[in-house]
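Subject: Structure handover

Hello,

Here is the structure I said I would pass on. My notes on it follow below the entry.

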Amino acid sequence: MGRKKGFDGKKISSIISALARNPDGLWLRQLSRDTGLSATTVGTYIGGILEPLLEETSLGSGSRPMLRVIRLKPYVLQKIAEGRSIGEILKMLKILSNAQSN
C-alpha cells in the first residue's frame, strides 16, 4: 500500500493557512519551515494545484532565482475572510479560468 495519487488536502490546508497568516508573503524556505514540509514539496504544490491562488515574485535572474516570495492573491484573502473554504475557492477559480480560455 503506497500513498494515494494526487495532492494531499492537509498539505494544501497547511500551506494556505501559513500564507493567510502572512498576507505580505513568505519566501519559499520560510514557508517550508512554517508548514513542516520540505521545500521540494512546497514548491511542487505552489507550481501545481495552488498556482491559481498565488502571486509569486522571484528575485535574481537566470534559471534558478535567489529568492521566491509567495503570497495569496488579494481575491483569495478576501474570500477566506468571508469564510469560504479552500475547495470552494479552487472550484471558482477553475471555472473562471475555463471561461477565460473559451
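This is a predicted model: local features need pLDDT of at least 70, side-chain atom pairs count only at pLDDT 80 or more; totals for chains, interfaces and linings use all residues.

Overall fold

The chain has five helices and three strands. Their order along the sequence is α-β-α-α-β-β-α-α. With a radius of gyration of 14 Å, close to the 13 Å that the globule rule gives for 102 residues, the chain is as compact as a globular protein of that length. Along the principal axes, the C-alpha atoms fill a box of roughly 40 × 35 × 30 Å.

Of the 102 residues, 26% are buried. As for contacts between residues at least 6 apart in sequence, 41% join residues that are at least 24 apart.

Charges

The chain carries 16 positive and 8 negative charges. The mean position of the positive charges and that of the negative charges are 8 Å apart. Side chains of opposite charge can pair when their charged atoms come close. In this chain the count of salt bridges is two.

One of them joins the side chains of Arg 68 and Glu 56, with an N to O distance of 2.6 Å. Arg 68 belongs to strand β3 (residues 67-72) and Glu 56 to strand β2 (residues 54-59), so this pair ties together parts that are 12 residues apart in sequence. How accessible are the two partners, Arg 68 and Glu 56? Arg 68 has a relative accessibility of 22% and counts as partly exposed; the cut-off for buried is under 20%. Glu 56 is also partly exposed, at 40%.

The other salt bridge is formed by the side chains of Lys 79 and Glu 82, at 3.4 Å from N to O. Is Lys 79 buried or exposed? Lys 79 is buried, because its relative accessible area is 14% and buried means under 20%.

To recap the pairs: Arg 68 with Glu 56 at 2.6 Å, and Lys 79 with Glu 82 at 3.4 Å.

Regards

Methods: Residues are numbered from 1 along each chain as its sequence is written. Side-chain values use heavy atoms; hydrogens and water are left out. Helices (H or I, at least four residues) and strands (E, at least two) are DSSP runs, numbered from the N terminus. The radius of gyration is taken over C-alpha atoms; the globule rule is 2.2 Å times the number of residues to the power 0.38. Buried means under 20% relative accessible area, exposed over 50%, partly exposed in between (1.4 Å probe, protein chains only). Contact means heavy atoms within 4.5 Å. Lys and Arg count as positive and Asp and Glu as negative; His and the chain ends are not counted. The place of a charge is taken as NZ of Lys, CZ of Arg, CG of Asp or CD of Glu. A salt bridge is a side-chain nitrogen of Lys or Arg within 4 Å of a carboxyl oxygen of Asp or Glu.
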